[in-house]
Amino acid sequence: MLVLRSGLTRALAAPTRLPQVYSSFATGPRQCDGTFYEFRTYCLKPSKMNEFLENFKKNAHLRTAHSELVGYWSVDFGGRMNKVFHIWKYDNFAHRTEVRKALAKDKEWQEQFLIPNLALMDKQESEITYLVPWCKLEKPPKEGVYELVTFQMKPGGPALWGDTFKKAINAHVNLGYSKLIGVFHTEYGALNRVHVLWWNESADSRAAGRHQAHEDPRVVAAVRECVSFLVSQQNMLLIPTSFSPLK
């Protein structure tokens with residue numbers, strides 16, 4: 001029984017249900033599509049970068065026989081040098097498990113690429129990401145360069161900052177200086193992290209577009225609203241390899 005200040009007593013009511021908060025970034029029960037993307041980053045020994053890429057080029061068909069390669073890039077600017085970044089697509093976690101088991105049993109892959117090239121790597125990193133529901137994976141109109149921008153957002157998840165983030169991205173898209181390839185929300189790795197992959201014709205066209213964006217009041221307003229939820233951000237300029245599906 002609950003005693004009220006008026007001195008009256010009243011039976012304790014059933015708990016009030018809180019309203020559901022919907023997010024444009026939902027990756028839990030609302031992530032109906034099980035497809036996810038694994039981001040892999042390899043830091044290579046400085047003298048072995050070209051050797052590693054050439055070895056993968058020769059043996060890429062052995063790896064792509066097991067799962068789909070979305071893109072493969074070398075890092076030109078931003079962060080550590082002698083680094084490669086690649087994205088792999090999987091139908092679900094069971095699919096990835098099957099692929100990893102198959103690769104472990106694939107003698108040709110193990111002997112021709114994996115074992116000989118392990119010594120060329122200093123560090124490997126992996127993140128599991130979902131493509132956000134409001135963005136599909138796009139392809140560029142022609143060959144160019146890519147920018148991967150990583151946003152570390154405040155704790156609280158997309159229910160807190162998802163809508164303002166979407167507005168900020170769309171404000172840039174609407175200017176048309178850069179093509180949006182995909183927006184990815186991390187499921188395993190650093191949480192509350194969003195990766196945005198852009199295509200540009202060149203690094204110079206990207207720079208010119210950024211100057212234009214900084215002077216556009218619509219972009220400035222959208223970014224000002226979103227930045228209050230931002231912890232940090234960083235970017236990398238990526239150069240697609242000759243064997244990358246995304247050029």
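Biologist: Before we start, what should I know about the numbering and the model?
Modeller: Residues are numbered from 1 along each chain as its sequence is written, and side-chain values use heavy atoms, with hydrogens and water left out. This is a predicted model, where local features need pLDDT of at least 70, side-chain atom pairs count only at pLDDT 80 or more, and totals for chains, interfaces and linings use all residues.

Biologist: What makes up the chain, in helices and strands?
Modeller: There are six helices and ten strands. As for contacts with a separation of 6 or more, 80% of them are between residues 24 or more positions apart.

Biologist: Why is Asn59 called buried?
Modeller: Buried means under 20% relative accessible area, exposed is over 50%, and partly exposed is in between (1.4 Å probe, protein chains only). Asn59 has 7% relative accessibility, so it counts as buried. Asn59 sits in helix α1, residues 49-64, and it is in contact with Trp109, Gln112 and Phe113, leaving aside neighbours within four places in sequence. Over the chain, 45% of the 247 residues count as buried.

Biologist: How do you know that the span of α1 agrees with what a helix should have?
Modeller: The expected span is 1.5 Å times one less than the number of residues. The 16 residues of α1 should span 22 Å, and the end C-alpha atoms are 21 Å apart, so the two agree. There is a bend of about 55° at Lys58, though. That bend is the angle between axes fitted to the seven residues ending there and the seven starting there.

Biologist: What do the buried residues of α1 pack against?
Modeller: Their partners include β3 (36-44), β4 (68-77) and α3 (107-117). Among the buried residues of α1 are Met49, Phe52 and Leu53.

Biologist: Now α2. Which of its residues are buried, and why do you say they line one face?
Modeller: The buried ones are His95, Val99 and Leu103. Seen down the axis of α2, they fall within an arc of 70°, so they line one face of the helix. The arc is that of the directions from the helix axis to the C-beta atoms. The face turned away from the buried side carries the exposed residues Glu98, Lys101, Ala104 and Lys105. What covers the buried residues of α2 includes α1, β5 and α3.

Biologist: What makes Arg40 and Tyr42 partners in a polar contact?
Modeller: A polar contact is a pair of N or O atoms within 3.5 Å; within protein, one must be able to donate a hydrogen and the other to accept it, and residues adjacent in sequence count only if both atoms are side-chain atoms. The side chains of Arg40 and Tyr42 are joined by such a contact of 2.9 Å. Arg40 lies in strand β3 and counts as buried because its relative accessibility is 12%. Among the residues that Arg40 touches are Phe85, Trp88 and Glu125.

Biologist: What about Asn82 and Asn192: why is one called partly exposed and the other buried?
Modeller: Asn82 has 24% relative accessibility, so it counts as partly exposed. Asn192 has a relative accessible area of 17%, so it is buried. Asn82 has a positive phi of about 55° although it is not a glycine, and phi of Asn192 is near 60°. Asn82 is in the loop between β4 and β5, while Asn192 lies in the loop between β8 (179-188) and β9 (193-200).

Terms used. Helices (H or I, at least four residues) and strands (E, at least two) are DSSP runs, numbered from the N terminus. Contact means heavy atoms within 4.5 Å.
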